[in-house]
Amino acid sequence: MKTKLSKLYSDPKLAKFYEVNDHDRLDYETILELAKDARSVLDIGCGTGVLSAALSKNSDVTAVDPARAMLEIAKRNFDQTNVEWIEGDAREVRLARKFDFIVMSGHAFQVFLDEQDQLSVLKTIAEHLADCGTFIFDSRNPFFPESKERTRQQTYRKFQHSKLGEVHMWNESSFDEESGILTYTNGFSALGERDEKSAQERIKYTPKSELDDLLSKAGLEILSCFGSWNKEPFHNQAREIIIVGGLEKHHNTKHDNERS
């Protein structure tokens with residue numbers, strides 16, 4: 001089931017630009033609060049490991065990502081943390097363990113472009129979630145009333161990278177309304193580097209109604225749904241779809257019946 005990873009994540013020359021470990025993110029704050037009582041955590045799509053390392057202060061953390069370049073950065077930066085780093089595909093990884101809390105953040109769910117792949121990821125969550133465990137993932141809402149298309153001129157910015165110094169960044173995107181797929185290119189350059197580095201990726205915008213169906217098929221249920229990381233309730237034109245949930249109430253009964 002392996003697919004080719006975008007160079008944004010698999011190319012070390014590009015992955016290094018995501019190695020920013022000294023920034024504040026509201027999504028991380030909310031996730032850390034929800035996971036504060038979890039003894040074990042599974043971070044799916046952990047990237048360069050910033051969230052995994054923060055979660056490990058209170059929990060045993062297993063962090064999974066398909067991009068070796070990202071994991072190498074994580075291991076180097078957080079080698080003293082209580083994190084097990086695993087290279088693996090979220091659709092098929094099986095760890096033969098259960099976790100109190102499972103997170104897939106940073107809109108990682110959106111890299112799965114068709115229903116079968118999305119369902120496979122949700123089944124991975126169901127397979128690894130403890131009976132009373134909680135999961136959380138986020139996806140951008142396709143009905144948020146703002147253009148999804150961007151130009152290089154609109155998005156150009158400069159920021160301070162924790163290791164590279166001043167970095168110039170831009171992105172441009174185009175959106176296909178029929179498929180719900182957005183194609184974007186991220187570009188970077190650092191002071192002292194002559195060549196600009198860029199790569200393309202595609203992501204899927206899925207309506208909440210379709211996510212509801214997929215979750216049910218995977219044996220999961222929604223406990224809360226937020227429209228932003230401020231925990232405002234989800235509504236049809238919210239920016240985000242942030243789902244907090246657990247195993248369906250009859251999940252164990254169904255599995256018992258399947259085994260009998």
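This is a guided tour of one predicted protein model, stop by stop, for you to follow in your viewer.

**Before you start**

The model is predicted, so local features are described only at pLDDT of at least 70 and side-chain atom pairs only at pLDDT 80 or more, while totals for chains, interfaces and linings use all residues. Residues are numbered from 1 along each chain as its sequence is written, and side-chain values use heavy atoms, with hydrogens and water left out.

**Stop 1: the whole chain**

Begin with a cartoon view of the protein chain, which has nine helices and 11 strands. Both are DSSP runs numbered from the N terminus: helices are H or I runs of at least four residues, and strands are E runs of at least two. Now colour by accessibility: of the 260 residues, 52% are buried. Here buried means under 20% relative accessible area, exposed means over 50%, and partly exposed lies in between, using a 1.4 Å probe and protein chains only.

A contact means heavy atoms within 4.5 Å. Among the contacts with a separation of 6 or more, 62% are between residues 24 or more positions apart.

**Stop 2: helices H6 and H8**

Select helix H6, residues 115-128, and then helix H8, residues 208-217. Two packed helices are described by the angle between their axes and the distance between the axes. For H6 and H8 the angle is about 50 degrees and the axes are 9 Å apart. The axes are lines fitted to C-alpha atoms, for helices over the stretch in contact, and the angles run from 0 to 180 degrees between N-to-C directions.

H6 and H8 are therefore oblique to each other; angles under 35 degrees would count as roughly parallel, over 145 as roughly antiparallel, and 65 to 115 as roughly perpendicular, with the rest oblique. Their crossing is right-handed, meaning that the near helix is turned clockwise from the far one by less than a right angle.

Which residues of H6 and H8 meet? Show Glu115, Gln118, Leu119, Leu122 and Lys123 in H6 together with Leu214, Leu215 and Lys217 in H8. The residues of this contact divide into four nonpolar, one polar and three charged. In this scheme Ala, Val, Leu, Ile, Met, Phe, Trp, Tyr, Cys and Pro are nonpolar, Asp, Glu, Lys and Arg are charged, and the others, Gly among them, are polar.

**Stop 3: salt bridges**

The term needs a side-chain nitrogen of Lys or Arg within 4 Å of a carboxyl oxygen of Asp or Glu. Aspartate 212 and lysine 208 are four residues apart in the helix, about one turn, and aspartate 212 is partly exposed at 28%.

How many salt bridges does the structure hold? There are 13. One of them joins lysine 36 to glutamate 33, with the closest N and O atoms 3.0 Å apart. Lysine 36 is partly exposed at 44%, and glutamate 33 is partly exposed at 40%.

Next, pick glutamate 146 and arginine 239, a salt bridge at 3.7 Å, N to O. Glutamate 146 is in the loop between strand E5 (129-140) and helix H7 (152-155), and arginine 239 is in the loop between strand E10 (220-226) and strand E11 (240-247), so the pair ties together parts 93 residues apart in sequence.

**Stop 4**

Select glycine 246 in strand E11. Glycine 246 is buried, at 5% relative accessibility. Its C-alpha atom is 5.6 Å from that of glutamate 221, 25 residues apart along the chain. Beyond four places in sequence, glycine 246 touches Leu129, Gly133, Phe135, Leu220, Glu221 and Leu223.

Then move to threonine 185 in strand E8, residues 181-190. Threonine 185 is buried too, at 14%. Leaving aside neighbours within four places, its contacts are Trp170, Asn171, Glu172, Ser198, Ala199 and Gln200.

**Stop 5: positive phi in two loops**

Most residues other than glycine have a negative phi. Alanine 96, however, has a positive phi near 55 degrees. Find alanine 96 in the loop between strand E3 (83-87) and strand E4 (99-104), where it is exposed at 83%.

Finish at lysine 231, with a positive phi near 70 degrees. Lysine 231 is in the loop between E10 and E11 and is partly exposed at 37%.
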